[in-house]
Amino acid sequence: MAGETAYTRKFRKELMAGLSSLVLLAVLARAGREMYGYEIAKAVKAEGEGGLIFKQGAIYPVLRSLNQLGLLDSRVEASAFGPPRRYYSITDEGRRALFEWQGAWKDMREFVDDALKAQGAVYEARPSA
């Protein structure tokens, strides 16, 4: 995001580390079918009203990690147009993780919202320059 401070970029990066896994599992669960990386990236972008909040290239390491954890299955298929495509689908274990992570996210979101409200933080206020 343009004009962000280094500490804000670091904060965003740390937030996205776990949330990207949650979002990718949710996209694949909702799709109910196999999808390849670029297709997943397009689906993530389409679901987010503000556009993609993490770079498309950042999706691939997360997909590989989820695959290694057994939360996704993958297979490679030759493509008539370009390099082979790796297709991903969510596993039963991935669905269980998604359910647990959704609960954890809800709890965390409520906790943070309550903490910010208790401290009198104003969401829309911007510090003066």
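Student: Which residues of α4 are buried?

Tutor: They are Gly94, Ala97 and Leu98. Buried means under 20% relative accessible area, exposed means over 50%, and partly exposed is in between, with a 1.4 Å probe and protein chains only. Keep in mind that this is a predicted model: local features need pLDDT of at least 70, side-chain atom pairs count only at pLDDT 80 or more, and totals for chains, interfaces and linings use all residues. Residues are numbered from 1 along each chain as its sequence is written, and side-chain values use heavy atoms, with hydrogens and water left out.

Student: OK, and what covers those buried residues of α4?

Tutor: The cover includes α1 and β3, which is 85–90. These names come from DSSP runs numbered from the N terminus: helices are H or I with at least four residues, strands are E with at least two.

Student: How do α1 and α4 cross, then?

Tutor: The axes of α1 (residues 6–31) and α4 (residues 92–118) come within 10 Å and cross at roughly 130°. An axis here is a line fitted to C-alpha atoms, for helices over the stretch in contact, and angles run from 0 to 180 degrees between N-to-C directions. The two helices are therefore oblique to each other. Angles under 35 degrees count as roughly parallel, over 145 as roughly antiparallel, 65 to 115 as roughly perpendicular, and the rest as oblique.

Student: Which residues of α1 and α4 meet there?

Tutor: From α1 you have Leu19, Ser21, Leu22, Leu25, Ala26 and Ala29, and from α4 Gly94, Arg95, Ala97, Leu98, Trp101, Gln102 and Trp105. Contact means heavy atoms within 4.5 Å. By class, this contact has nine nonpolar, three polar and one charged residues. Ala, Val, Leu, Ile, Met, Phe, Trp, Tyr, Cys and Pro count as nonpolar, Asp, Glu, Lys and Arg as charged, and the others, Gly among them, as polar.

Student: New topic! What does Ser21 touch?

Tutor: Not counting residues up to four places away in sequence, Ser21 touches Val62, Leu66 and Trp101. Ser21 sits in helix α1, and it counts as buried because its relative accessibility is 13%.

Student: And where is Val62?

Tutor: Val62 is in helix α3. With a relative accessible area of 14%, Val62 is buried. Leaving out residues up to four places away in sequence, Val62 touches Ser20, Ser21 and Leu24.

Student: At what angle do the axes of α1 and α3 cross?

Tutor: They cross at roughly 75°, and the axes come within 10 Å. That makes α1 roughly perpendicular to α3. On the α1 side, Ser20, Ser21, Leu24, Leu25 and Leu28 make the contact, and on the α3 side Ile59, Val62, Leu63 and Leu66 do. The classes in this contact are seven nonpolar, two polar and no charged residues.

Student: What about Ser65, how far is it from Ser21?

Tutor: Ser65 and Ser21 are 8.9 Å apart in space, C-alpha to C-alpha, though they are 44 residues apart in sequence. Ser65 lies in α3 (residues 56–68), and at 35% relative accessibility Ser65 counts as partly exposed.

Student: Last one: how many helices and strands does the protein have?

Tutor: There are four helices and three strands. From the N terminus on, they run α-β-α-α-β-β-α. Of the 129 residues, 26% count as buried.
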